[in-house]
Amino acid sequence: MKKLVFATNNKHKLEEVAPLIKSHFELLSLADIACFEEIEEPHDTLIDNAFEKARFIYNRYKMDCFADDTGLEIDALDGRPGVYSARYAGENCSFQDNVKKVLLEMKGQKMRTARFKTVIALILNGREYSFEGVVEGEIIDQQSGTEGFGYDPIFRPNGYAETFAEMSLKEKNKISHRALASKKLIDFLNAI
Ligand code: IMP
């Protein structure tokens, strides 16, 4: 089976994407290839950050790889935290710090619409491709649920009564931004 590196250190992301990709490719994590460095995300767009990570791995390890970058865009906050979702509450902040900051900024706000957007950057045989997944929803006014990670406890996808953090991994994987982008990646990989 062909090897494909997923350039992430986030075990939640690996858990989400591995079941989608496993039957098609041998998915390797950064730990599997003994890459323990923090890869920079210096750009102000998801796609540039995703390619930064993928190129870092491709150039250093010469292995086919993909990387994702995800942001939560909240309309009432002019699209924030967006590309700054990971460190919204400051350097070395926790998921909880970020969630609390968003809840504070959204306090009393009537417009609650938001979306998660994932961009996957793939480098295969030296060529670059990208795939996007978006899920629309809203920011609820208090945390609910303990599954998932990041902003999951305050994001409720449209058409559902639960937040992502109240869904099982299997349920989240049916509709999530990362699952949608991953499916596009898999369809592409299957077609070549
Ligand atoms: P990253 O740069 O792609 O790792 O994602 C940036 C930040 O977005 C993460 O640190 C999380 O806070 C958040 N995030 C990414 N994906 C998800 C998700 O599926 N659910 C909730 N939050 C997420």
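The legends below describe close-up views of a predicted model. Residues are numbered from 1 along each chain as its sequence is written, and side-chain values use heavy atoms, with hydrogens and water left out.

View 1. A polar side-chain atom of Asp-152 is placed 2.6 Å from a nitrogen atom of the ligand, while oxygen atoms of the ligand lie 2.7 Å from a polar side-chain atom of Asp-69 and 2.8 Å from an N or O atom in the side chain of Lys-172. The protein covers 94% of the 470 Å² of accessible area that the ligand has on its own, as calculated by the Shrake-Rupley method with a 1.4 Å probe.

View 2. Lys-117 belongs to strand β5 (residues 113-124), strands being DSSP runs of E with at least two residues and helices runs of H or I with at least four, numbered from the N terminus. Its side chain is joined to that of Glu-73 by a polar contact of 3.3 Å, that is, a pair of N or O atoms within 3.5 Å, one able to donate a hydrogen and the other to accept it. Beyond four places in sequence, Lys-117 touches residues including Leu-46, Asp-69, Glu-132 and His-177, with contact taken as heavy atoms within 4.5 Å.

**View 3. Leu-14 in helix α1.** Leu-14 is part of helix α1 (residues 11-21), and its C-alpha atom is separated by 7.5 Å from that of Ser-29, 15 residues apart along the chain. Neighbours within four places in sequence aside, Leu-14 is in contact with Phe-6, Thr-8, Pro-19, Leu-27 and Ser-29.

**View 4. Backbone geometry at Asp-78 and Pro-81.** Asp-78, in the loop between β3 and β4, has a positive phi near 55 degrees. The peptide bond from Arg-80 to Pro-81 is cis, with omega near -5 degrees, and Pro-81 lies in strand β4 (residues 81-82). Most residues other than glycine have a negative phi, and most peptide bonds are trans.

Key. This is a predicted model: local features need pLDDT of at least 70, side-chain atom pairs count only at pLDDT 80 or more; totals for chains, interfaces and linings use all residues.
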